[in-house]
Amino acid sequence: MDASRVALVGYGAAGRGIHARLLREAGQRVTCVVTRHRADQVEADWPGATVVPDVAALLESADSFDLVVIASPTGEHVAHVLAALDSGVHVLVDKPLATSAADAELLAGRADGRLTVFQNRRWDSEQLTLRALLAGGDLGAVHRFERRWERFRPVPQDRWKENDPDSGGLLLDLGAHLVDSAVQLFGPVAHVFAELHARSTPAVDDVFLALGHTGGVVSHLQASAVVGAPGPRTRVLGDAAAYLVTSFEGEPTPFAALDDAYEETRRPGEPVHEGWLVRGADRRPVPRAPGGHVDLYRAVVRWVQDGGPPPVDPEDAVRTARVLDAALLSAAERRVVALP
């Protein structure tokens with residue numbers, strides 16, 4: 001597979017810290033970057049890459065690259081995605097696709113097979129392990145899915161994500177991942193109840209979502225930056241067993257003691273575990289499924305070079321946006337909101 005020529009819009013925490021790193025791991029070339037303040041970093045990371053100040057300047061030479069990756073602030077996604085699609089290139093946009101369902105529908109309607117969304121958490125070993133466990137039937141009939149993305153950041157970061165109440169905040173940021181994961185596992189959402197708070201920042205930093213799926217499963221999803229004792233990352237309850245993931249990506253949690261004790265006794269050659277299959281006092285480790293975020297970029301490269309459907313259908317991002325819109329309404333009116 002030949003390296004694609006990639007243009008990157010934004011070179012901050014997402015553009016440089018996530019997308020550029022994964023592009024390099026996938027063997028791709030960043031040939032042009034939109035940034036006003038990080039030209040030295042671009043030159044150090046991608047010698048010879050062109051640096052331009054805005055998307056308009058980038059798209060003047062749209063025929064010189066194969067893919068545009070949009071890692072700009074969420075409030076700029078609509079303008080940037082539309083401009084890139086109008087230039088005729090393939091586009092990967094960071095999640096969430098837009099700040100509202102109406103804007104997400106606008107972008108999906110213009111996609112013409114050339115738009116995909118960076119829902120990289122579908123490729124987490126965590127998600128892949130749980131999907132395999134569900135397919136194997138070990139849990140029986142599942143009735144509840146819980147996932148927490150809890151952190152303790154008593155001194156918040158000073159970024160647009162924390163300071164912009166319209167396009168920032170954890171509902172749009174981590175909430176987009178949590179909802180997408182729940183829908184991938186348990187299907188469409190019928191109704192939403194939400195509690196949203198801005199406790200330490202102007203944008204929402206404390207999220208609780210209760211989703212009722214059309215198949216009967218209830219998802220409880222939490223994201224917060226103000227949790228001194230983060231709970232277990234994932235708990236799935238079925239009528240035959242439960243599945244428990246105690247910790248996630250090194251975030252401190254008292255439940256990690258279960259994993260630490262197991263690792264101390266794991267024999268050479270035994271697989272690394274992702275979580276636990278639990279039946280009361282009985283607890284059995286569940287081996288980690290292989291996978292990683294770079295696999296999304298490998299799928300993106302195949303999509304750009306060989307055609308076919310996008311790795312993440314933008315209509316999926318529209319459905320997520322509808323759930324997040326319903327969450328805003330639910331929190332504002334303190335009621336359950338039904339989805340059409």
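This is a predicted model: local features need pLDDT of at least 70, side-chain atom pairs count only at pLDDT 80 or more; totals for chains, interfaces and linings use all residues.

Reader: How many cavities does a search of the whole structure find?

Author: Three, counting those of 30 Å³ or more. A cavity here is a set of points, on a 1 Å grid over the protein atoms alone, where a 1.4 Å probe fits but cannot get out. Grid points are joined across faces, edges and corners, and a volume is the space filled by probe spheres set on the points.

Reader: OK, how much space lies in the largest cavity?

Author: About 100 Å³. It has 12 lining residues (those with an atom within 4 Å of a point), and the closest to its centre are Arg 148, Glu 150, Gly 231, Phe 248 and Glu 251.

Reader: What classes are in the lining of the largest cavity?

Author: Four nonpolar, four polar and four charged residues. Ala, Val, Leu, Ile, Met, Phe, Trp, Tyr, Cys and Pro count as nonpolar, Asp, Glu, Lys and Arg as charged, and the others, Gly among them, as polar.

Reader: And the second largest cavity, what's its volume?

Author: About 80 Å³. Of its 14 lining residues, Pro 96, Leu 97, Ala 98, Ala 317 and Ala 321 are the closest to the centre. The lining divides into nine nonpolar, four polar and one charged.

Reader: Which helix gives the most to that lining?

Author: Helix H11 (residues 314-333), with five residues. Helices (H or I, at least four residues) and strands (E, at least two) are DSSP runs, numbered from the N terminus.

Reader: How do H5 and H11 pack?

Author: At an angle of about 170°, with their axes 8 Å apart. Axes are lines fitted to C-alpha atoms, for helices over the stretch in contact, and angles run from 0 to 180 degrees between N-to-C directions. H5 and H11 are therefore roughly antiparallel (over 145 degrees).

Reader: Which residues make the contact?

Author: On H5, Ala 101, Ala 104, Glu 105 and Ala 108; on H11, Pro 314, Glu 315, Val 318, Ala 321, Arg 322 and Asp 325. Contact means heavy atoms within 4.5 Å. By class that's six nonpolar, no polar and four charged.

Reader: What about H4 and H5, how do they pack?

Author: Helix H4 (residues 77-86) and helix H5 (residues 101-109) sit at about 5°, with axes 10 Å apart. That makes H4 roughly parallel (under 35 degrees) to H5. His 77, Val 78, Val 81, Leu 82 and Leu 85 of H4 meet Asp 103, Leu 106 and Leu 107 of H5.

Reader: Switching to strands: in what order do the six strands of the open sheet come?

Author: S3-S2-S1-S4-S5-S6, with parallel pairing. Two strands pair if DSSP finds at least two bridges between them. Strand S3 (50-52) and strand S6 (115-118) are the edges, each pairing on one side only.

Reader: How many bridges join S1 to S4?

Author: Four, between strand S1 (residues 5-9) and strand S4 (residues 67-70). Val 9 stands opposite Ile 70 in S4.

Reader: And S13 with S14, parallel or antiparallel?

Author: Antiparallel, with six bridges joining strand S13 (residues 273-279) to strand S14 (residues 282-287). Their hairpin has two residues between the strands, and Gly 280 takes a positive phi near 65°.

Notes. Residues are numbered from 1 along each chain as its sequence is written. Side-chain values use heavy atoms; hydrogens and water are left out. On a 1 Å grid over the protein atoms alone, a cavity is a set of points where a 1.4 Å probe fits but cannot get out, and a pocket is an open set with protein on both sides within 12 Å along at least five of seven lines; lining residues have an atom within 4 Å of a point. Angles under 35 degrees count as roughly parallel, over 145 as roughly antiparallel, 65 to 115 as roughly perpendicular and the rest as oblique.
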